[in-house]
Amino acid sequence: MMLQSATLFLVASLLAALPVNADGLYTKKSPVLQVNQKGYNQLIANSNYTSIVEFYAPWCGHCQNLKPAYEKAAKNLEGLAKVAAVNCDEEANKPFCGQMGIQGFPTLKLVTPSKKPGKPRVEDYQGARTTKGIVDAVVDKIPNHVKRITDKTLEGWLSEDQEAPKALLFTEKGTTSALIRALAIDFLGSLKVAQIRNKESNAVDKFGVTEFPTLVLLPGNGAEPILYDGELKKGPMVEFLSQAASPNPDPAPASEKGKSKPSKSAETEKSKSEKTSEPEAATEESDPTAPVQVHTPAPAIETLTTPASLESACLAPKSGTCVLALLPESGELDSELTGSTKDALESLAEVGHKHAERKSKLFPLYSIPASNAASKALRVGLGLAEDAQTVEIVALNARRSWWRQYDPSEEADYGTVRVEAWIDAIRLGEGSRNKLPEGIIVSQAEPEKKAADHDEL
């Protein structure tokens, strides 16, 4: 009975550590590994592999925009590194997200194995949130356990632990690829991996290599070398090397969910053998009291009700970028148009609120009611509909004399995701801009004249 209870407890513990099937951004079929705190500790922190972990909330527009690139990065890094995600909107995950210091979404963290098992190096990912940016950053962090060999050092390497199996890659490249580094991680502690250049003629002749790259397996115990002639893909290459040694039981996404974490002996061997040129960085300290960003109602954006306030804030010669929601005339709107106006204002408020919580800089966002006489003049000046029956979102910069209109598409989509993407494009200087027509920017004399009545912004 005691054995049965212990078995049930063990099974329950392992199930708790497996990826979470969260109602978040990523489905069960996603290449992104979904984890909670226990899953993170087992699959990420105790792994020999480099990982990147996204801490997100399903309602976050930036998270939704990142999803396609992040999933594509996960596919590209399959077998090379781990790409995971934690849904911080789940109640059970909020304490863990707080311990990891998450204060905004999405936050990406690179997790790299250190010399201390279970205590990896953790650092914020600061690169571009694109597939290429993520893949390049992760690949750069993959540990390198591949030894560089020359004709002069070959015999010494071969004579080391002659009973142990070895693998030798002949290549034309001077760099060590992510694929061979990943293979070395797979067999860390059970098979030594080295790399040698094609210009090392003695080694090339010794093993009869005629093409590059070529992988040679040395089974050990005096067995004859075996040349690999299959595809240069990780799966078949692991199978080839498995003739001589067993790969690590390091848990991996999807196909290896049920495997246990590496044994203590394997981790001990890893600790002894792992060598890296990177200095060890301190793991981020956990703070259970760290605040976690939660989804709170966003305050409405500021409304500019007079021509003077609009001109002073956005239309003076030295005014920077402003985003304006030109509101339709009240009382002449049907329910659909009212819905679009409501969506537009809520989306702009949500975007502004997110930046305020993160304490990141964002240009001002204003709503301009139709009762503001300057609203109609601005519509006419920009060539927009004069009847003011629909909401219009525009960005303009008086100092640099450009403007840009938000296109809601045929579906009148003023949702947060699209509006936020449009604003982000402006922040990054992406997309086309139109030259401001003459007459939009007020003369230098007018702001000075009105300075007595209105505080300078």
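**First selection: Ile52**

Select Ile52 and display its surroundings: leaving aside neighbours within four places in sequence, Ile52 is in contact (heavy atoms within 4.5 Å) with Tyr70, Lys82, Val83, Ala84, Leu108, Lys109, Leu110, Tyr125, Ile134 and Val138. The model is a predicted one, in which local features need pLDDT of at least 70, side-chain atom pairs count only at pLDDT 80 or more, and totals for chains, interfaces and linings use all residues. Residues are numbered from 1 along each chain as its sequence is written, and side-chain values use heavy atoms, with hydrogens and water left out.

**The nonpolar core**

Next, select Tyr40, Ile52, Val53, Phe55, Tyr70, Val86 and Ile134, the residues with the most contacts inside the largest nonpolar core, which has 48 residues. At least two residues of this core come from each of helix H2 (37-45), strand E2 (51-56), helix H3 (61-76), strand E3 (82-87), helix H4 (94-99), strand E4 (107-112), helix H5 (131-141) and helix H7 (178-186). A nonpolar core is a set of buried Ala, Val, Leu, Ile, Met, Phe, Trp, Tyr and Cys residues joined through side-chain atoms within 4.5 Å. Buried means under 20% relative accessible area, exposed over 50%, and partly exposed in between (1.4 Å probe, protein chains only). Helices (H or I, at least four residues) and strands (E, at least two) are DSSP runs, numbered from the N terminus. In soluble globular proteins, nonpolar side chains tend to be buried together.

**The cysteines**

How many disulfides does the rule give? The count comes to two, a disulfide being a pair of cysteine sulfur atoms within 2.5 Å.

- Select Cys88 and Cys97: their sulfur atoms lie 2.1 Å apart in a disulfide, and both residues are buried. The torsion about this S-S bond is about -90°, so the disulfide is left-handed.
- Select Cys314 and Cys322: this disulfide has its sulfur atoms 2.3 Å apart, and the link is left-handed, with -95° about the S-S bond. Cys314 and Cys322 are both buried.
- Select Cys60 and Cys63: Cys60 is buried at a relative accessible area of 1%, and Cys63 is buried at 0%.

With bonded cysteines counted along the chain, the disulfides follow the pattern 1-2, 3-4.

**The whole chain**

Finally, select the entire protein chain, which has 15 helices and 16 strands. Of its 457 residues, 46% count as buried. Among contacts with a separation of 6 or more, 75% join residues 24 or more positions apart.
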